[in-house]
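Dear colleague,

I am passing this structure on to you.

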Amino acid sequence: MARLTHSYDSGAAAEPLSGDTIGQALARTIALFPDSDALVSRHQGIRNSYAEFGREVERVALGLLGLGIEKGDRVGIWAPTCAEWTYLQFATARVGAILVNVNPAYRANEAAFALGHSGVRMLVTASKFKTSDYLAMIAQVRGELHALERVVTIDGATAGGANDLTWKELVAAGAAVAPGRLTAREATLDPDDAINIQYTSGTTGNPKGATLTHHNILNNGRTVGQVLGYTSADRICIPVPLYHCFGMGIGNLGCITSGAAMVYPGESFEPLAALQAIAEERCTSIYGVPTMFIAQLEHPEFATFDLASLRTGIMAGAPCPIEVMKRVVSQMHARDMCIAYGMTETAPCSTMTRPEDSLERRTSTVGQALPFVESKIVDPETGLAAPVGTPGEVCTRGYLVMRGYWENPTATAEAIDEAGWMHTGDLGVMDGDGYVNIVGRIKDMVIRGGENLFPKEIEDVIFEHPAVASVQVIGVPDERMGEELMAWVVLRDGAVLTADEMRDFCRVRMAHFKVPKYVKFTADFPMTVTGKVQKFKMRAAAVEELGLEKAAAVRTA
Ligand code: AMP
């Protein structure tokens with residue numbers, strides 16, 4: 001059978017990759033579209049044209065120079081979505097500093113790991129967000145952070161250290177810096193320099209710092225924008241977190257490479273704020289992980305919003321249920337909605353459906369490799385390319401693969417092989433035309449009595465039940481079969497369903513061995529803030545609830 005390494009035939013269809021640094025790309029767009037909207041941060045009441053946005057970024061970049069930030073220095077940002085986050089993203093890129101994104105949901109020990117491991121010199125932070133008191137947490141761990149010289153608070157609170165500043169003082173530090181110094185610094189930057197470290201979301205194990213370059217994330221955002229046909233008339237609703245590539249990469253950089261507007265509905269995702277932003281800002285594109293789209297579609301006021309301005313968007317980050325995609329196309333009017341697939345380590349997007357693909361392919365696959373990207377499926381046992389149609393590990397190669405994990409050569413060598421392929425840990429199948437379907441994580445694959453079962457396939461069937469709002473399928477230990485399937489089901493508001501009815505529904509739609517033995521009704525799933533369900537936590541909870549400790553011990557013995 002054929003084996004395939006699929007690389008999109010870019011031919012005349014794709015523009016060449018950009019050789020710009022992020023600063024150069026931004027300058028180009030400001031010159032082309034000075035008066036177009038660049039940034040709308042609704043919860044802050046901030047609206048910047050590209051000319052204004054460029055000035056804000058420049059003031060912050062001069063401030064960084066004034067405070068002695070050198071090329072390659074690490075500058076951390078720990079804050080929910082706000083305009084300052086983005087000013088700092090572009091300012092650090094202009095001065096060649098490496099921005100370290102700190103997850104807004106981190107607790108003190110997690111933040112200390114990221115800040116300490118990457119050696120952050122300056123940390124820009126909100127003082128609090130939801131239940132997180134950032135300043136109290138920083139005070140708690142500051143003694144361990146030997147490289148940290150200065151904390152800058154965005155909202156004007158004082159962090160208490162001798163060198164600490166407010167945002168205004170950071171900007172003021174640039175007032176006396178001659179703009180020529182910034183130009184001189186920019187002349188020393190190379191697009192292949194690292195400019196960003198993102199600690200991976202940690203569905204398992206210790207976070208690793210994916211280290212990305214201008215070239216990685218600029219070209220990825222740009223290519224995705226080209227596939228979606230962005231122009232300066234587009235307005236992108238970005239409710240996904242900025243600390244992830246989905247927000248600061250294909251969100252922010254997708255806009256600044258096309259002149260489109262970045263629209264932030266709020267500090268973090270709220271379905272109502274996202275719907276209001278789309279309707280009131282006349283957004284043409286909407287980004288989200290599947291759970292965000294479900295929350296908008298299920299919102300009691302959904303039908304009251306006029307979403308007709310939507311044309312396109314991206315659903316990504318986790319398996320995208322076919323039914324949810326169909327509803328986004330029909331009920332949210334995003335007729336050119338695409339599914340993208342990727343990971344932080346690939347800046348992030350490696351495959352994507354195209355607006356011109358059939359609805360079937362746009363809802364049931366993660367598309368083909370992006371221009372200039374290679375994608376292949378390998379047999380995890382042999383490491384050789386798997387035959388077309390056979391599940392295996394998805395591997396990605398090209399300009400988008402990270403430089404490596406920050407100061408972790410062992411983990412880097414495990415992830416990127418000698419030929420340059422990033423091994424994703426995801427299980428996928430590729431068809432003869434290069435369309436990929438993600439069927440799960442390698443470690444989430446369920447092996448029941450020797451039969452390999454892919455949770456996504458079963459989730460897609462259960463999703464078709466009208467009472468079901470959301471579903472996740474996991475494997476739980478079983479003494480006889482090795483593993484059995486368990487479905488966690490979230491019902492729609494007011495819907496009633498029993499476990500037996502759920503299984504009856506499955507029985508007529510799938511082979512008997514795929515029908516989940518256990519069905520649990522739940523209000524939600526354990527999740528990371530980027531909307532990734534933590535199946536390992538579900539498994540641990542299920543073992544305890546179902547009293548499967550003995551089977552679990554057999555399995556892991
Ligand atoms: P992160 O590094 O946080 O972006 O997580 C990357 C992981 O998210 C991938 O390795 C996949 O497991 C998952 N993922 C991203 N996009 C998709 C998608 N469209 N379908 C299924 N899984 C996805």
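Which polar backbone atom is 3.3 Å from a nitrogen atom of the ligand? The atom belongs to Ala318. A polar contact here is a pair of N or O atoms within 3.5 Å.

Before the rest, some conventions. This is a predicted model, in which local features need pLDDT of at least 70, side-chain atom pairs count only at pLDDT 80 or more, and totals for chains, interfaces and linings use all residues. Residues are numbered from 1 along each chain as its sequence is written, and side-chain values use heavy atoms, with hydrogens and water left out.

A nitrogen atom of the ligand lies 2.8 Å from a backbone N or O atom of Ala340, and for Gly317 the corresponding distance to a ligand nitrogen atom is 3.0 Å. The protein buries 92% of the 500 Å² that the ligand exposes when taken alone (Shrake-Rupley method, 1.4 Å probe). Two strands (DSSP runs of E, at least two residues) each give two or more residues to the shell around the ligand: E17 (338-342) and E24 (436-441). E17 gives the most, with 4 residues.

The sheet

E17 also belongs to an open sheet of 9 strands with mixed pairing, in the order E3-E2-E14-E13-E15-E16-E17-E18-E19; two strands pair if DSSP finds at least two bridges between them. Its edge strands, E3 (46-49) and E19 (368-369), each pair on one side only. Within the sheet, E15 (285-288) and E16 (312-315) run parallel over 4 bridges, and Tyr287 has Ile314 in E16 as its bridge partner.

Regards

Definitions and conventions. A polar contact is a pair of N or O atoms within 3.5 Å; within protein, one must be able to donate a hydrogen and the other to accept it, and residues adjacent in sequence count only if both atoms are side-chain atoms.
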